[in-house]
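Reader: I would like a close look at one part of this model, namely its nonpolar core and the residues packed there. Please set that part in the context of the whole chain.

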Amino acid sequence: MNYTFASATILLILITDPIGNIPIFANALKHVAPERRARVILREILIAFALLLTFMFVGESFLRVMNLSELSLQIGGGVILFLIALRMIFPPPKVESDEPLGEPLIVPLAIPAIAGPSALATVLLLVSQAPEKRLEWIAALCVTMTVSAVVLVLAERIQRVAGDRFVVALERLMGLVLVAVSIEMMLRGIKTFVKQVAGA
């Protein structure tokens, strides 16, 4: 699947899922002073950005060390995206957990809320498929992190103005689009695999 800057940006936004992260951030920041929340959100986004950017540069080396092919990464990435999309459409029941009070650091906001396994797999996939477009992928990641920052900093206003039902509906719609993207990735990977087997 040949990604462009626009399609890569949309894919990364769908996977990092800033709309779906609104309740996660709201819950994690409920014990943080309101005047500190924007600063904490920006810090966590920068940490996630640094991790994803690192994967963009060490991705090819990682694939070689693990002896992974682009084909296996494409099919595996499609499976992961499909599972993430299903969770967006059919979210699991919320479970109250006893989390430590205070400011969250790295976990659970930067990792895995933003830079989760699916996001890491996606940047690896982008770089492995078109390493010559690395600058485009970096730009797409910058746009994605900017969108996440704006959405999450304005999360309380978005919930207040749009309402919880609208946020949930938008989350389900994003999940539906991501299902289609993941199936397309898997089908292309399977088609390539069948061609390789037939030509062997």
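**The nonpolar core and its surroundings**

Author: W137 touches Y3, T4, F5, A8, M56, L126, V127 and A130, leaving aside residues up to four places away in sequence, where a contact means heavy atoms within 4.5 Å. This is a predicted model, in which local features need pLDDT of at least 70 and side-chain atom pairs count only at pLDDT 80 or more, while totals for chains, interfaces and linings use all residues. Residues are numbered from 1 along each chain as its sequence is written, and side-chain values use heavy atoms, with hydrogens and water left out.

W137 is, together with F25, L52 and L178, among the residues with the most contacts inside the largest nonpolar core, which has 53 residues. Such a core is a set of buried Ala, Val, Leu, Ile, Met, Phe, Trp, Tyr and Cys residues joined through side-chain atoms within 4.5 Å; buried means under 20% relative accessible area, exposed over 50%, and partly exposed in between, with a 1.4 Å probe and protein chains only. At least two residues of this core come from each of α1 (5–16), α2 (18–28), α3 (34–65), α4 (70–89), α5 (109–114), α6 (117–129), α7 (134–153) and α9 (164–199). In soluble globular proteins, nonpolar side chains tend to be buried together.

The protein chain as a whole has nine helices and zero strands, these being DSSP runs numbered from the N terminus, with helices (H or I) of at least four residues and strands (E) of at least two. Of its 200 residues, 40% are buried. Among contacts between residues at least 6 apart in sequence, 93% join residues at least 24 apart.

The C-alpha atoms of V177 and S128, 49 residues apart along the chain, are separated by 23 Å.

As for overall dimensions, the C-alpha atoms fill a box of roughly 60 × 30 × 30 Å along the principal axes. The radius of gyration of the protein chain is 18 Å, which agrees with the value near 16 Å that a compact globule of 200 residues would have; this radius is taken over C-alpha atoms, and the globule rule is 2.2 Å times the number of residues to the power 0.38.
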